[in-house]
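Here's a friendly walk through one protein model. Take a look at it first, then read on.

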Amino acid sequence: MTNLMPLIVLLSWLAVPVGLVCIVDDWLLRPRRAQGAGVPDAPLMRVLYGALPLLIGAAVLRLLLAERLDFSAVLLAITVATGVVWAFDSVLLRPQRLAAARAAGRDVTTLAEPGTVDYARSFFPVALAVLILRSFVFEPFRIPSDSMMPTLLDGDFIVVNKYAYGLRLPVLNRKMIATGEPQRGDVVVFRYPLDPSTNYIKRLVGLPGDHVEVRDNRISINGRPVPFVLETHKYADGCYVNLSIARERLGDHEHEAIFCPVALDRAPLLSSCGRSGLRGYVCGDEDAPGFLRTAPWSGEVPPGHYLMMGDNRDNSEDGRSWGFVPEENLVGKASRIWFNWDPHRAGGPMWGRIGMAIH
C-alpha cells in the first residue's frame, strides 16, 4: 500500500477538477443536449465519466488512510453540498427543464433527472442523519495503541457518547447545551492539545483545581492516595510479561491498571508475542541494561482543564508528558466496545470483547 500512495494521492487530487467538470456537464449541459437533437456525449466527456468512479474511489481510500482527518468536517461538507444541489435544482433548474420539455412537445414524465441531482437527493438525508448522530449522539472510535490496557486493547472499536459532556456544534466544537460534567475516572476521548486534529483516549484522573501526584505508579489526589489493591497474579499476554495488576478506584469507577513496580524493558522481541511489528515489554530488574523506570510526577490541574492518564501506566504517553486537556477539547465519554479486530494480532477478532461496557 505504501508503494501505491503516490498514485492514490495523484488520483485523489484529479477527482476534484474531473468531478467539477462532470457535475457542470451533467447538471447544466447534458439536459440541453437531450432536449435538442439528442446529441451524444463528446469523447472527452465519456472518458471523464468513465474515470470518475476510479478517481472518487482513490479519494475515499486516501481519506480512510489519513492519520489526521476531521470526519465531522467531511460530513458537513457533503451535507451542505448535496443539500444545495438538490434545493437549487428543485427551485430553479427543474422547472426550467420541464418548461423546455413541454415547449418541445415532449412527455415530461419521461424526462430523465440529471445524475448529479439524483445522487444529491439520495445522499442528502443520509449524510444529514449521520452528521446529526455523529455530532450529537454517538461516534465510533478505534483504539490505536496499548496505552489503555487492560481496559481497552489496540484494535477495539468503541462507541463514544457525544452528549455526556454537552452538545457541541460540529467542526467548531463550541458547546451549545450543557448536559453533564466529566467525572473522575471516566474514559474520555478528546482532541490532543498539541495537535487538535488527532483524537486521544485516556482516563480522567485530575479535575480542575486538583493537585495530583504519581509516585511508584500510585496516584494521590489532594494529598489522599487513590484506593489501590494489588492482585496476586501477574499480567502476561505474550507481548507484556510479568507486569503487576492493581484494582484502582477513581470516583465511582473501579478498573484495572497494569504497571511495573521496578522497571520495564522495552527492547526485546518476544517469540510468544502474537502481534507483528510489536517489541515485547518485560518487567524485571532495574539494574539490567535497557530497563526504564517511570519518573515521579506531580502538578496542579488549571481551571477549565483536566489531567488524563492511561491505564497502562508505564507505556502511556499522557498528561504527565504533554500537559492538561482544556474543556473545549473534550469529544465524549467512551461507553461500550462494539467490535474488535487488530490486523497485526494473530487469531483474528476477539469476539468475546464485543458488547463489553467500558468502566
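This is a predicted model: local features need pLDDT of at least 70, side-chain atom pairs count only at pLDDT 80 or more; totals for chains, interfaces and linings use all residues.

## The chain as a whole

The protein chain holds five helices and 20 strands; these are DSSP runs numbered from the N terminus, H or I over at least four residues for helices and E over at least two for strands. Its radius of gyration is 27 Å, well over the 21 Å that the globule rule gives for 359 residues, so the chain is more spread out than a compact globule. (That radius is taken over C-alpha atoms, and the rule is 2.2 Å times the number of residues to the power 0.38.) Along its principal axes, the C-alpha trace spans about 90 × 45 × 35 Å. Buried residues make up 41% of the 359, where buried means under 20% relative accessible area, with a 1.4 Å probe and protein chains only.

Residues are numbered from 1 along each chain as its sequence is written, and side-chain values use heavy atoms, leaving out hydrogens and water.

## Strands side by side

Two strands count as paired if DSSP finds at least two bridges between them. Here are two such pairs:

| Pair | Sense | Bridges | Residues opposite each other |
|---|---|---|---|
| β1 (138-142) and β2 (156-161) | antiparallel | five bridges | Phe 141 and Ile 158 |
| β12 (243-250) and β13 | antiparallel | seven bridges | Ile 245 and Ile 258 |

In a regular strand, side chains alternate between the two faces of the sheet. Strand β1 has Glu 139 and Phe 141 on its covered face, with Phe 138, Pro 140 and Arg 142 on the uncovered one.

Strand β12 also belongs to an open three-strand sheet, ordered β10-β12-β13 with antiparallel pairing. β10 (228-235) and β13 (253-259) sit at the edges with a single partner strand each, so one side of each has no neighbour in the sheet. On average, neighbouring strands of this sheet are turned by 30° against each other, direction ignored.

## A pocket to explore

Now for the second largest pocket, with its volume of about 510 Å³. A pocket here is an open set of points on a 1 Å grid where a 1.4 Å probe fits, with protein on both sides within 12 Å along at least five of seven lines; lining residues have an atom within 4 Å of a point. The volume is the space filled by probe spheres set on the points.

Which residues lie nearest the centre of this pocket? They are Arg 142, Pro 144, Ser 145, Asp 146 and Asp 154, out of 21 lining residues. Strand β6 (residues 199-206) gives the most to the lining, with four residues.

Technical notes: Buried means under 20% relative accessible area, exposed over 50%, partly exposed in between (1.4 Å probe, protein chains only). Axes are lines fitted to C-alpha atoms, for helices over the stretch in contact, and angles run from 0 to 180 degrees between N-to-C directions.
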